[in-house]
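Here is a structure to read alongside its sequence. Take a look before moving on.

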Amino acid sequence: MASHRHHHHGPTSGEYPVLNLKPGAKWSRGLTQGRLGTFIGGHFSDINLTSVLYVHRSDDPEHVKLEVWSAPGLSKPTFEEAMKQTFKPAKKGISLGPSWTNHWWKVAVKIPAYWFQYERVQFEFDPGCEAMIFSTDGTPLHGITGGFGGERRVEYILPPEARKAGHYEFVIESTCNGLFGMQGGGISPPDMNRYFSLASADLVVPNEDAWHLLWDFKVLCQIIETLPGSSPLENKALVAANEIINVFDHRDPSTVGKCRKIAEGVFGEGWQAKGEKIYEEGMHKESLVWGIGHCHIDTAWLWPFSATQQKVARSWSTQIDLMERYPEHRFACSSAQQYKWLEQLYPKLFERVKAKILEGKFHPIGGSWVENDANMPSGEGLARQFIFGQRYFQSRFGIRCKTAWLPDSFGLTGALPQLIRLAGMDYFFTQKLSWNNINVFPHNTFNWVGIDGTQVLCHMTPVDTYGAQATAGDINKGITNHKNIESSDKALLVFGNGDGGGGPLPAMLENLRRLRATTNNARELPPVSMGQSVDEFFETIVDQTKAGNALPNWHGELYLEFHRGTYTSHGSIKKGNRKSEILMRDLEILATLASLFGHKGSDYVYPQSRINDSWEKVLLCHFHDVLPGSAIGMVYEDAEKLYAQVKKEGSELIEEAFKAIFGFSSSDARTQPASGNIVGFNTTPFPRRDVVKVPFAGPHAAKLRSRLVQTTKDGKEGYALMDCSAGGPLSSSSGMFADCHPVSVYTNGSDHFVLKNDLVQLTISQGRITSLLDVQLERELIPEGETGGLVIFDDTPNFWDAWDVEIHHLETRQPLKFENVTVLEEGPLRAAVLAQLVYGKSIIVLIISLNAVNGSMRQGARPYLNFEAHVEWHQRHEFLKFEIPLNIQSDVATYETPFGHVQRPTHKNTTWDLAKFEVCGHKFADLSEFGYGVAILSESKYGFSCHGNVLRISLLRAATEPDAEQDQGSHDFSWAVLPHVGHFLESDVPIAAYLYNSPLHVRSVPDDVKFQAGSTHRPAFLVAGAHNVILETIKRGDDDDVSGHGPKTVVLRLYEAYGGHATVKLLISASVEVEKAIITNLLEDDNKDELGFTAVAEEEATGGYSHYIKLSFRRFEVKTIKLTLGSGTKKEGETKRESWVSV
C-alpha cells in the first residue's frame, strides 16, 4: 500500500502549522494585571489615558471672569442677601478661610465660537472645599466637592444654549469645609483655622470618548479584581484591558475609538447606544441586585447643623441633574427635617425636588423626622419621630413612607417593629450591625419580631454599606455575602457617597450600565437592575418568601456590638433629652386639661404650633450622632441652645396652662419663696408621696415653716411632705402619716455612717458602701467582703473614641472612696450625708439621702437611697461608674427600653453574651431572683452593665475625639438604689422609676384658695384593673382645629410595661362627654371600629367617673385611643366641674 506525504512550508488558512519558530504567546498573569495600574494617572499621566481626557482648557481673564465676596464671620447669608454685596475681582490660587466661612462668587464665562462643535463644555471649579452652583435667579443647580478624593465632583456642565450664545453667567457659594468637615476623613477635633485654595476655575472641553474609555477600563479592572482567575469573564476582561493598553496611543486620537471597540467584547456590541434600555435586556428574567441611589447626610456630625442645610441643597440638586442625564436613576432620601430645611432655605430647589417626587424618581423614605438614635429616645420620642416624619411627607407630597430607614443607628430597640407598623410602614432597612466587633450577625433578609410580637420585614444589605460605590465588587458581594440566599436571593445595592452627603456620581451610573450590559451576556456576575424603588424591592421579597414565611426570624433588640460608649458620652445631652421628653409629656397633659377644663372665663387655646416647634427641636437632637455624643463640639453648642429653648418655651407654656386651670397665676415653690399654700400637680398616672425641698425667705417664711415637716440645719430651706396618695392630680403639704417610715442617720463621728428607717439601712464605712440591709426581712443585700460605691476605669478604645468602650476597660477597675463624709440631714422626713471626693483633677460631691416615703405607693414597697452628684470633671480617657455588688443570683438583668423592658445576660457563656458588657437602659436597671431584687434608677443616664452579681450605672466618660472637651466641666445628676420585695415582675420598679423621673410641679398659691379634698381629686382619665398598663400620653388630636372649630379630640397612648397580658378599664371623667372612641394608629387615622362604653359601677361613679372603655393588651403592646368629644365637656366653674379637679 502506497503512502503519500504532503509537505507545506508555511501555514495556510484553517490548517495547523507544522513548524513553529516563534516564542509563543505565554504571558505572566500577575505582571499583566499589575500593568493595568499604569494606564490612568500616576507617573505616566503625560502619555497614558489621562493625557487625553480634555480637548481644551482655558482659565485666562478673557474667558473666565471671577469676582468674590466673603461673608463676615460664620454668617450664612441667603442668595438674595449675598447679591446685594460688593464683590471684588478674584483669580485662581486665591486662599479663602478660615474654617466654616462662606464665600460667594460671580462667574462670567466667554465660550470660544469654535467650541460649539463639541458635545459638551463645562466649568471646572475646585475650591478644595464644598460649593454650590446657582443660576442668576438663585436656583441651586449643582453641588461641588473639591479636592482629589473619591468624592471629587468639580464639573458643572454648561447648558447647550450657553454654548450657542457664547457666554454664560452664574453664581457659586463655597463653604470652607470638606465633605467630612475639617477632619479630612479622620475623627479628630476640627481645625478651626483652615484655609482653602482655589485650585481650578477653568472653562474646559472634555474628550467624551476618552472619558467613556476611562469608565470602560475601570469596569474591566473591577471585574478582574472581583472574579477568580479561573473565571472565563475575568480572563476575557483581563485580555481586553491588556489589549486596550497596547492599542492606545496618546498621539493618535483614533485609537480611543479602537480601544472602546475592544471593551465591547466584554460589554456587548453597541451596548452604549441602548442607554437606560440596557436594563430591559438580558438572559435574566429578574435581577438579583437592585440599585438605588442614596446620599446619607448626617444631620450633624463632624460639622454643625448649619453645614448640613447646605449639604442637603448641594447633594439633592446634583441628583436632580443626574436624573435628567440618566433616566433610570432613582434616589431614596430620608429625614423630614432635611426636607423642611430645604423648603425654608432653598424654596426654588424644594419645588424641583417636589416635582421629581411626583414624577416617581425622588423617593422620600424612612418616615421619621431624622435618622434618629434608636436606643435612648423614649417610647413616645420614637413614636413622635414617625408621627412628625409621616405627617410632613403627607402634608407636602401627599405620600406616606412604607419603609423605615435607619442604616447608621447604633443598635435598635426591640420596640421599633411595633412602632414602625403603627406608623403605617411594613418594611425596615438597616445596616450598622455589619460593624459588630465580636459576632457576625447571621441574617440579611429576615422577619424582625419586636418585644411585643409585632414583625417587620427587615433587610440588611449584604453589600454591608449604605454608601456603595456601585462597583463589580459591590454587586457581587450582594449575592456572595448574602446569608439568607436560600430564602431570598435579592439584595439592595444602596450606592452613593454618604455621611457628608454627595450621593451618586456619574461614574457610578456609568459603572452600573456597563455591568448590566456585561451580565446580559455572561453569568459570572449577578445582574443589577435600576429604575425601581425600595418599596418595590420589599414587595418582591414579600411575594418571593410567601409573605415572610420562608424567612428566618430575629426576636428582640438588634444590639450593636460596637459604639457602646455612646450611652454615656456627653452627659449633658443625655440629660437634655430625658428632661425635654418629660417636659413635653407634662406640657401636653397640662395643656390638654387646660383646653378642656380651663377656668370659667379662660380664653385658653391649646398651643399646638408651639408644642410642635419644641418637639421638632427634641426630635432633631435625637439624631444618631447628636444624642449619642459622637459629634464635634460645635454641634453640642447648638444642641444645648435647642434644649434651653425647649425648657424656656415649655416652662412658659406650662405656666399658661396652670393659669387656665387654676384661674390665677402661681409661682414655682421650689425656686421662689412661697407666699401662701404649697400644692403639687402630679402629671403621672400613679398615686404618690414626695419629699420636696422649698426655700425660706421673705415675709411669709414663718407661716410657711408651720407647713413643713423638717428644716435644714441652716434654716434657709425646708422639706414638705406632699401627699397625692389618692392618685389625683393635686397634692398638698401635710404632716407625717402613720404609714410613713421616719428616717435617721447614725455616725461614729469619723468614718462610719448609717442611714436607716424600719425598712432599709445603708452603711458607709471607710469610704465605701459596706451594707445594704432590708431591715424588715433582716436580709443583707451586699455579699460579705464586697463593697459598693464609685469606681473608675481606664477608657482607651481601639479607635472610635467618643463612640466605643472596649471590654478590656473592665480589667482596669479602681474603686474610689468617699471622703470627708458629714451628716447633712438627720430626719425624720429626710436623712442625708454629704460626701466629697477628689480624684485627679476632678471633684465629686455627693449627697446620699433616704426619705421617709417609699419609692411608690405599692403595698410592701421600699424607699430608695438617692445619690445626688455634683461633679467638676476634668479627667481624660477615664470612665466613672457607680456599682453595687448584690447577694442576688440571676442569669439575666432587666433594663427599661422604650415601651417595655429587655433582659440581658449577666454571664459570658457565649460570645453573644460576652458582647453585652455595656448596654443601654432608660429609667432603671434591675437584678432580681425569686423573692427579691435591687434596681438602680436613673434620671438622666443610659449606660448600664451587670457582670455576675455587680450592677453598675455609667456616669461620665472623657473622650477627646471628635470633641476635645467632651464632658469637661460641671455636671449635676442623680441616681438611686431601690431594693424591692419580690422578683422584678412582681415589683414596683417601673412605677418607682417613672415617679423618680417625674417630679411634682410644686406651686405656691394664695391662702384663700380652698382645695376640695377626697373623691374630687381624680384624674380626668384613669386606668384601672391592672397595674402593668401605663397611661403615657394625653394630648389633643394632631388634626384638631384648636381655635374651636370642628371636632375636638383627645388622644391617649397606653402601653403594657411588664411583659404580660392585661385587661383594663379606661375610666373617663363625668366632665368629659365622649361621642366616639376608637383604637387608632400613631398617625391618628380614623376608622369605623368604634369602642363601646360601659356605665361605671357606683363606687367608680362616686370618684367622678361616668363611663369606661374596656381594653385588652398583649405583652408590651402600645395602644392609641382617640376620643371625639361632644359639646358637653365643661370648662372649670361650670356644671360637673367638681368631678375633675376643684380650685
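## The model

This is a predicted model: local features need pLDDT of at least 70, side-chain atom pairs count only at pLDDT 80 or more, and totals for chains, interfaces and linings use all residues. Residues are numbered from 1 along each chain as its sequence is written, and side-chain values use heavy atoms, with hydrogens and water left out.

Helices (H or I, at least four residues) and strands (E, at least two) are DSSP runs, numbered from the N terminus. Two strands pair if DSSP finds at least two bridges between them. Buried means under 20% relative accessible area, exposed means over 50%, and partly exposed lies in between (1.4 Å probe, protein chains only).

## Strand β38 and its two partners

Strand β38 spans residues 842-851. The strand is mostly covered, with 8 of its 10 residues buried. Strand β37 (residues 830-839) runs antiparallel to β38, and 10 bridges join the two. Strand β39 (residues 865-873) also pairs with β38 in the antiparallel sense, over 8 bridges.

Ala832 stands opposite Ser849, and Ser849 stands opposite Asn866 in β39. The hairpin of β37 and β38 has 2 residues between the strands. Gly840 takes a positive phi near 55° in this hairpin.

## Strand β10 and its two partners

Strand β10 covers residues 167-175. Here 7 of the 9 residues are buried, so β10 is largely enclosed by the rest of the structure. Strand β5 (residues 102-110) is joined to β10 by 9 bridges, and the two run antiparallel. Within this pairing, Trp104 stands opposite Glu173.

Strand β7 (residues 130-134) is also antiparallel to β10, with 5 bridges between them. Ala131 stands opposite Ser174 in β10.

Strand β6 (residues 122-126) and β9 are joined by 3 bridges and run antiparallel. Glu124 stands opposite Glu155 in β9.

Another open sheet has 6 strands, in the order β35-β34-β40-β47-β46-β43. Its pairing is antiparallel. The edges are β35 (814-815) and β43 (919-920), and each of these pairs on one side only. Strands β46 (residues 943-947) and β47 (residues 950-956) pair over 4 bridges in the antiparallel sense. The bridge partner of Cys946 is Leu951 in β47.

## A helix crossing

Two packed helices are described by the angle between their axes and the distance between the axes. Axes are lines fitted to C-alpha atoms, for helices over the stretch in contact, and angles run from 0 to 180 degrees between N-to-C directions. Helix α9 (residues 347-359) and helix α10 (residues 379-397) pack at an angle of about 90°, with their axes 11 Å apart. That makes α9 roughly perpendicular to α10. Angles of 65 to 115 degrees count as roughly perpendicular, under 35 as roughly parallel, over 145 as roughly antiparallel and the rest as oblique.

Which residues make the contact (heavy atoms within 4.5 Å) between α9 and α10? Helix α9 contributes Phe350, Lys354, Ile357 and Leu358, while α10 contributes Tyr392, Arg396 and Phe397. By class, this contact has 5 nonpolar, no polar and 2 charged residues. Ala, Val, Leu, Ile, Met, Phe, Trp, Tyr, Cys and Pro count as nonpolar, Asp, Glu, Lys and Arg as charged, and the others, Gly among them, as polar.

## Ile589 in helix α15

Ile589 is found in helix α15 (residues 571-597). At 7% relative accessibility, Ile589 counts as buried. Leaving aside neighbours within four places in sequence, Ile589 is in contact with Thr683 and Ile1034. Lys1035 lies 446 residues from Ile589 along the chain, yet their C-alpha atoms are separated by 5.9 Å.

## Cysteines

A disulfide is a pair of cysteine sulfur atoms within 2.5 Å. By this rule the count comes to 0 disulfides. Cys259 is in no disulfide, and the nearest cysteine sulfur, that of Cys221, is 13 Å away. Cys259 is buried, at 0% relative accessibility.

Cys333 is buried, with a relative accessible area of 2%.

Definitions and conventions:
Contact = heavy atoms within 4.5 Å.
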